[in-house]
Structure formats: C-alpha cells, structure tokens
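Let's take a friendly walk through a protein model. Keep the picture in view as you read, and look for each residue when its name comes up.

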Amino acid sequence: MSQPPRNHRTHRERNGGDHGEKRERDARSRRDNPNDRRTDSDRSSNIPRGSQRHERSVPQEEHEDSKCSNICSRRGIFLICAILTDVLVLICVVAAHMSQMGMSAMGMGGGSFIDSIIPFEGTELQQVRDLDMQYGQMRAPGVYGGVAFSLTFGALSLLFVVSSTKPAHRLPRKLLIGQFAFQIIGAVAYVVAVGLYLHFVISVNSTDVCIRRERIYARNGYTWMNCSVGGGDAAVALFGIITAILYAIGAVFTGQTLRDLFRYSKDRSRYEAEQRHQPKISQNAPLHPDTYV
C-alpha cells in the first residue's frame with residue numbers, strides 16, 4: 001500500500017534534480033556566451049512607443065520650465081523691470097518734446113478747422129511759427145540723446161535677460177561679471193543722465209526765445225505754454241531715477257551670485273584635491289580568490 005507513493009516521490013525528486021541541473025547548464029552557457037545577453041537597446045525596443053513619447057515630452061517641459069525659472073530669478077526680475085522703465089523713459093522723452101511744440105504740433109495752417117481754432121493772425125502767426133521752430137531745434141539734442149540713451153540700455157538689458165536661460169553655475173563667468181559691471185554703469189549713468197537732461201531743459205527754457213514765446217501764448221490765454229519744467233520732463237526724471245535704483249539693486253543681487261559662485265568653485269576645487277590625495281584602497285587592495293570579475 002505504501003510503495004506507490006514512495007516511488008512517485010522519488011520520481012519527482014529525480015525530475016527536480018534534472019531541472020536544477022538544466023538551469024545550471026543554461027546559466028553557465030549564458031555566462032560563457034556574451035552574445036546571448038540582451039542589451040539595453042533591445043530591452044528598450046520592447047517598450048511601447050506611446051510611453052517613450054511620453055518620457056521624451058516630460059524632460060522637454062521641465063527644460064522649458066527651468067528656462068523660465070532661470071530668467072525670472074532675482075537678477076532677471078530687476079533687469080526686466082529696468083527694461084520696462086527704459087521704455088517709459090523713451091515714451092516720456094518723446095511726449096515731453098511734442099507737448100512743448102505748441103501750435104506747430106497741431107499742424108498749424110494745415111486745414112480750415114485748425115485755422116479756425118488758432119487765435120493767431122498775420123505777423124503774430126508767423127512769429128509764433130518761427131519761435132516754435134527755434135525752440136524745437138534747441139530741444140532736439142536732448143530728445144535725440146534721451147531716445148538713443150534709453151534704447152541702448154534697454155537693448156543691452158534685454159540681451160542679458162535672454163542670455164540668462166541657464167542656471168548661474170552653468171553660465172560663463174565673464175557673462176555674470178559683465179552683467180554686474182553693466183548694472184553698476186547703468187545706475188551711475190542714469191543718475192548723471194537725469195541731471196544733464198534737467199540742466200539742459202532748464203537752460204533751454206531760460207533763453208530769450210522761450211521767454212518771447214511764453215509771452216505771445218500768454219496774451220492769447222495759453223498760460224500752460226510756459227518756460228518752467230513741464231510734466232513730461234518731470235516724468236522723464238522720475239522714471240530715470242527709478243531705473244537707476246533698479247540697476248543698483250540688480251547689481252547687488254548679481255554680486256551676491258558671483259560671491260556664491262566663487263565660494264562654490266573654491267569648495268569644489270578643495271574637495272577634488274582632497275579626493276586626489278586620498279589613498280585608492282579599492283584599486284590597491286588584492287582581490288579575494290572567491291571574487292568574480
């Protein structure tokens with residue numbers, strides 16, 4: 001009665017032993033045959049295409065997000081604000097010049113409607129034209145200089161913003177040093193430019209041409225056309241000072257970034273020097289006889 005189960009058990013043990021020996025032979029043949037090993041590229045070929053496309057899209061989105069985060073750093077934010085105030089300075093320079101041109105800015109003598117609202121006639125009209133032209137020519141250097149100045153600093157600021165798409169430790173050191181120097185120069189230059197602009201406007205307004213022009217306009221009720229500093233010129237000075245402050249604060253943050261990078265490079269070089277001087281135990285130690293290479 002007990003004999004058949006014992007024979008069945010021994011038959012199963014023999015089969016198990018045969019299977020174990022077969023597995024060992026297969027493992028030994030795979031270890032001896034490197035061509036049978038599947039490479040990473042063969043394994044990746046079995047991955048569905050949709051998952052590969054998804055894996056490729058995720059790093060691209062992270063790369064775009066990192067660009068935006070690097071541009072919108074503290075240095076980048078103050079440079080962007082400086083660009084906006086540069087544009088405001090440019091607009092105010094042109095607006096201040098147009099508002100001080102008087103009747104010449106309205107296209108005096110160009111149509112019947114404009115002729116009907118202009119109170120000047122005859123020789124007085126010709127005198128106002130001549131005075132407006134002379135006054136505009138006297139203010140022209142300040143307008144052209146202000147436009148060129150604001151455009152130059154706005155374009156350079158935009159260039160530094162666009163070039164800061166990488167993290168600070170991956171940017172060229174010369175670029176950060178140039179940005180630091182540019183912001184210091186911009187802060188000082190805007191303060192000097194605002195002072196020179198106001199001095200130029202006051203000197204033009206104190207000339208005999210401006211005084212005669214003011215009297216002619218005042219006789220006909222245009223008291224706002226005077227020789228004092230106008231609202232447009234005051235706006236130019238205000239936004240110029242704000243731009244100088246933004247450049248100064250941005251220079252402070254850029255200097256802090258440079259200081260942190262210098263510390264990082266110093267610590268990294270010291271760490272690498274320590275690693276080179278340490279004894280390489282893993283390479284000099286003898287191999288254990290049971291270790292598989």
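L196 has a relative accessibility of 56%, so it counts as exposed; here, buried means under 20% relative accessible area, exposed means over 50%, and partly exposed lies in between (1.4 Å probe, protein chains only). You can find L196 in helix α7. Together with I184, V188 and V192, L196 forms a nonpolar patch on the surface, and the four share about 350 Å² of accessible area. Such patches are made of residues with over 30% relative accessible area and no salt bridge; nonpolar side chains (Val, Leu, Ile, Met, Phe, Trp, Tyr) are joined within 5 Å, and like charges within 9 Å. A salt bridge is a side-chain nitrogen of Lys or Arg within 4 Å of a carboxyl oxygen of Asp or Glu. The areas come from the Shrake-Rupley method with a 1.4 Å probe, and for residues only the protein chains shown count as cover.

Before going on, please note that this is a predicted model, in which local features need pLDDT of at least 70 and side-chain atom pairs count only at pLDDT 80 or more, while totals for chains, interfaces and linings use all residues. Residues are numbered from 1 along each chain as its sequence is written, and side-chain values use heavy atoms, leaving out hydrogens and water.

Now for the overall plan. The protein has 10 helices and 0 strands; these are DSSP runs numbered from the N terminus, with helices (H or I) of at least four residues and strands (E) of at least two. Of the 293 residues, 26% are buried.

Next, the aromatic rings. A pair of rings is described by the distance of the centres and the angle of the planes. Rings of Phe, Tyr and Trp (its six-membered ring) pair if their centres lie within 6.5 Å; planes under 30 degrees apart are stacked, over 60 edge-to-face, and the rest tilted. How many aromatic pairs does this rule give? The count comes to 9. In one of them, F153 and Y247 have ring centres 6.2 Å apart and planes at 55°, so this pair is tilted. F153 belongs to helix α6 (residues 122-162) and Y247 to helix α9 (residues 231-277), so the pair ties together parts that are 94 residues apart in sequence. Both F153 and Y247 are buried. Y190 and Y247 also make a tilted pair, with centres 6.1 Å apart and planes at 35°. Here Y190 in helix α7 (residues 173-205) is linked to Y247 in helix α9, 57 residues away. Ring pairs join F149, F153, F160, F182, Y190 and Y247 into a cluster.

Finally, the cysteines. A disulfide is a pair of cysteine sulfur atoms within 2.5 Å, and by this rule there is 1 disulfide. It joins C210 to C227, with an S to S distance of 2.2 Å. C210 lies in helix α8 (residues 208-219) and C227 in the loop between α8 and α9, so the pair ties together parts 17 residues apart in sequence. The torsion about the S-S bond of C210 and C227 is about -125°, so the disulfide is left-handed. Are these and other cysteines buried or exposed? The table lists them.

| Cysteine | Relative accessible area | Class |
|---|---|---|
| C210 | 1% | buried |
| C227 | 17% | buried |
| C81 | 30% | partly exposed |
| C92 | 14% | buried |
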